[in-house]
Amino acid sequence: MAVGSPTTVAGAAAECTAFPIIPVKGTVARLIGAARLDDKPFAPHCACMTTANDEDARHKAKMANRKAIQDAEVAAKTIEKGLLIVHTGKGKGKSTAAFGLMLRALGRGFRCGVVQFGKGAWQSGERSAIEKFGAQVEWHTLGEGFTWETQDRARDVAAAERAWAATTKMMADPSIRMIVLDELNITLRYDHLDAAMVIAALKAKRADQHIVVTGRNAKQELIEAADLVTEMTPVKHHFAAGVKAQEGIEF
């Protein structure tokens, strides 16, 4: 296009096409970012950005919808009550879970109680730890070991009756908000206590008191009376591979 000649759009476009487009490479390309586009057209870059943005938008929408559903479900739950909780099944962890739950309650300032029905032959790690809460916990270990260890039904029944007497006393104490009845299911399974009497008493507990019952083979009547039942299912256990009971894991 000659200097001083009139310029038209068509003329400018035609004249521009006469000049070759020289690719920019090397240092200059790095400075202006052209190197990123040397071997890729611009459209795929835009497509990648669009896909990422769409995916992010979809995720946000999905999570917002899920939050709305969850919030609505939580808002619909308005009942507050003391729970009867049962941990049963052949798997490991029933008592461990109960004491973990009690630790949570202790952290909230609850006064708690423990009655161990079938155990008593050793000092457990959980007892040593929880006793550090002092008067915030009342603990009774009134079993004499498992029934196959005592091999004396009369002694087992007498021990169960003493444990149940301690239980009813704690249930009547308005300062105790949570009670763990460890291995009560075993006691009921061997008929060391009258199951109907025990279950009726548990159903009639105070409205502000939580009770956790542990032990395998929970009675069906107790399961039906409970608010929450968890069954521990064994998948794999180190004992089957010859590993003995170890401090800090089993006791």
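Predicted model: local features only at pLDDT ≥ 70, side-chain atom pairs only at ≥ 80, totals over all residues.
E183 has a phi near 65°, a positive value, and it is a residue other than glycine. For context, most residues other than glycine have a negative phi. Is E183 buried or exposed? With a relative accessible area of 10%, E183 is buried, since the cut-off for that word is under 20%.

N217 is partly exposed, though, with a relative accessible area of 38%.

Now let's step back and look at the whole chain. It has 10 helices and six strands. Of its 251 residues, 30% count as buried. The accessible surface comes to about 16300 Å², and carbon and sulfur atoms account for 59% of that. If you take the contacts with a separation of 6 or more, 78% of them are between residues 24 or more positions apart.

Next, please find strand 1, which runs through residues 84–88. How many of its five residues are buried? Five of the five are, so strand 1 is largely enclosed by the rest of the structure. Both of its faces are covered: L84, V86 and T88 are buried on one side, and I85 and H87 on the other.

Strand 1 also has partners. It pairs with strand 5 in the parallel sense, over four bridges, and V86 has V213 of strand 5 as its bridge partner. Strand 1 is joined to strand 6, residues 228–231, by four bridges as well, and these two strands also run parallel. There, the partner of I85 is L228.

In soluble globular proteins, nonpolar side chains tend to be buried together. Here, the largest nonpolar core holds 25 residues, and those touching the most other members are F117, L181, L184, L193, L202, I211 and V213. Two or more residues come from each of strand 1, helix 7, strand 4, helix 8, helix 9 and strand 5. Which element gives the most? That is helix 7, with six residues.

Leaving aside residues up to four places away in sequence, L202 touches L84, W164, M171, L181, L184, I211, V213 and L222. There is also a second, separate core of 15 residues, which includes L106, V137, M178 and V180.

The buried residues in helix 9 are A195, V198, I199 and L202. Seen down the helix axis, they fall within an arc of 95°, so they line one face of helix 9. What do they pack against? Strand 1, helix 7, strand 4, helix 8, strand 5 and helix 10.

Helix 8 covers residues 184–189, and T187 is found in it. T187 counts as buried, at 5% relative accessibility. Not counting residues up to four places away in sequence, T187 touches F117, A160, H192 and L193.

My last stop is helix 4, residues 94–107. This helix has 14 residues and reaches 20 Å from its first C-alpha to its last, close to the 20 Å expected at 1.5 Å a residue. Its buried residues are K94, S95, A98, F99, M102, A105 and L106. Looking down the axis of helix 4, these buried residues fall within an arc of 120°, so they too line one face of their helix. On the other side, T96, R104 and G107 are exposed.

So what covers the buried residues of helix 4? The cover includes strand 1, strand 2, helix 5, strand 3, strand 4 and strand 5. Strand 1, you'll remember, is the one with five of its five residues buried. Finally, helix 4 is followed by G109, which has a positive phi, near 90°.

Technical notes. Residues numbered from 1 in each chain as written. Heavy atoms only, no water. Buried < 20%, exposed > 50% of the residue type's maximum accessible area, 1.4 Å probe, protein only. Contact = heavy atoms within 4.5 Å. Areas by Shrake-Rupley, 256 points an atom, 1.4 Å probe, with all protein chains shown as cover. Expected span 1.5 Å × (residues − 1). Arc of directions from axis to C-beta. Core = buried A, V, L, I, M, F, W, Y, C linked by side-chain atoms within 4.5 Å. Pairing = 2+ DSSP bridges.
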